[in-house]
Amino acid sequence: MDELRERPGPPWRQWVERAGRGPAWRSALLVALFTQVGAGWAAHAQSGRVALDGFARLLLLLGPALLVVRHRYPAAVVYGVSVVTLVYVACGYPYGPVFLSLALACFAAVVAGRRRAAWGAVGLLWAGHLLIGHWLYRWLPPAGDGPTPWAQEVGVTAWVLAVLAVSELVRVRREQWARERSERAAAAKRRVDEERLRIARELHDVLAHSISVINVQAGVGLALLDSDPEQARSALSTIKAASKEALGEVRQVLDTLRSPGEAPRTPAPGLDRLPELVEQAAAAGLRVEVTAEGEAPALPPGVDLAAFRILQEALTNVVRHSGARTARILLGWRPHLLELRVDDDGPASGGASEGGGSGLVGMRERAAALGGAVEAGPREDGGFRVTATLPLKRAVPGEAP
């Protein structure tokens, strides 16, 4: 779904997120070529160092070669490259791009979560360089070499810290972006689940109400088919009207699945269609009395739809599960609150008489989504009562109810 698609970030962020995920041999090959060429330039620029020979070229190839498996064995590779680099320095070869392999191995280790290995390998190189430059230089090539200037040691230390700092920064940013992606995916999944529940509630309310009316009228039609054809014809007409309305509402719900994000072709039902519910209930043999208390304000679309569906489901339950022939609806307009109450005098005719049916669960979910509540259960004087309270948000001027 569109909500689950990742939007590409800036180019630098895409590079950081992809770092360490592509084929390792490509970057290793580039490092090997650059090291070989760059070491030649460094040899011409640095006098007094040992000239590059076959062993030097081998060491310059061995470091990049280890990088090929840095994603699989990050700790072993970073230590191996550190040792190779230390051997190169101990042999007196010119400084230069040889340190690039270690920087890349350190970066891969830190990003892979092997921070101790990266710090240990870089610390090994730094300590070894310090030892060679101030003690072992007497016995190592080139001949007649003196101690390493402390300014150079400061530069090496700064380089080491810079490599570690950049690696740690990339690791932290990648972890942060991974958490953000996970949170976005969870939020998108939550929206998808909520939409799925909304569609399920809509289909249940539409089908349960219409099929209940159709079932009652079909029974009436069959019972009166021979004795009272006109009454049977009226029952069949009611079945036709109820099925047509149900098909229209089901089509509207399904259209939202076929064309997500588009506005519905027909407005969602609301309390303005309450007379239709009363007529359908009357066709099913249930007389409905409607009373209102207070002045009705303009309702937000969500509250209007929820109120209609709750009343629809409540009347459906009376038709299906009660022997009552009369139901009473009370619309109570309170300050910032709409109270709905549906009463019948019973008796219960079976089914979910204690408020545990899936229809009542759907009513509770609708009300809870708006910050309201639904209570349902038998009355003390007999019959059944459904009470719903829906908070009213302050209507936006000019907003359609």
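## Aromatic pairs

In this predicted model, tyrosine 88 is buried, its relative accessible area being 2%. Tyrosine 93 is likewise classed as buried, with a relative accessible area of 5%.

The structure contains four aromatic pairs. In the pair made by tyrosine 88 and tyrosine 93, the ring centres are 5.2 Å apart and the planes meet at 40°, so the arrangement is tilted; the angle falls in the class between the stacked limit of under 30 degrees and the edge-to-face limit of over 60. Elsewhere among the aromatic residues, one cluster is formed by Tyr95, Phe99 and Trp159.

## Phenylalanine 34 on helix H2

Phenylalanine 34 belongs to helix H2, which covers residues 24-45, and with a relative accessibility of 48% this residue is counted as partly exposed. When neighbours within four places in sequence are set aside, the contacts of phenylalanine 34 are with Ala39, Pro97 and Leu100.

An open sheet is built from five strands, arranged in the order S1-S2-S3-S5-S4 with mixed pairing. Its edges are formed by strand S1 (287-293) and strand S4 (373-378), each of which pairs on one side only, and the average twist from one strand to the next is 10°. Strands S1 and S2 run parallel and are joined by seven bridges; glutamate 289 has arginine 328, in S2, as its bridge partner.

Two helices are described against these strands. Helix H9 (residues 274-283) lies across S1 and S2, and its direction is at about 155° to S1. Helix H10 (residues 301-321) packs on the sheet and touches S1, S2, S3, S4 and strand S5 (384-391), while its direction makes about 10° with that of S3.

What is the value of phi at histidine 336? The angle is near 65°, which is positive in a residue other than glycine.

Key. Residues are numbered from 1 along each chain as its sequence is written. This is a predicted model: local features need pLDDT of at least 70, side-chain atom pairs count only at pLDDT 80 or more; totals for chains, interfaces and linings use all residues. Side-chain values use heavy atoms; hydrogens and water are left out. Rings of Phe, Tyr and Trp (its six-membered ring) pair if their centres lie within 6.5 Å; planes under 30 degrees apart count as stacked, over 60 as edge-to-face and the rest as tilted. Buried means under 20% relative accessible area, exposed over 50%, partly exposed in between (1.4 Å probe, protein chains only). Helices (H or I, at least four residues) and strands (E, at least two) are DSSP runs, numbered from the N terminus. Contact means heavy atoms within 4.5 Å. Two strands pair if DSSP finds at least two bridges between them. Axes are lines fitted to C-alpha atoms, for helices over the stretch in contact, and angles run from 0 to 180 degrees between N-to-C directions.
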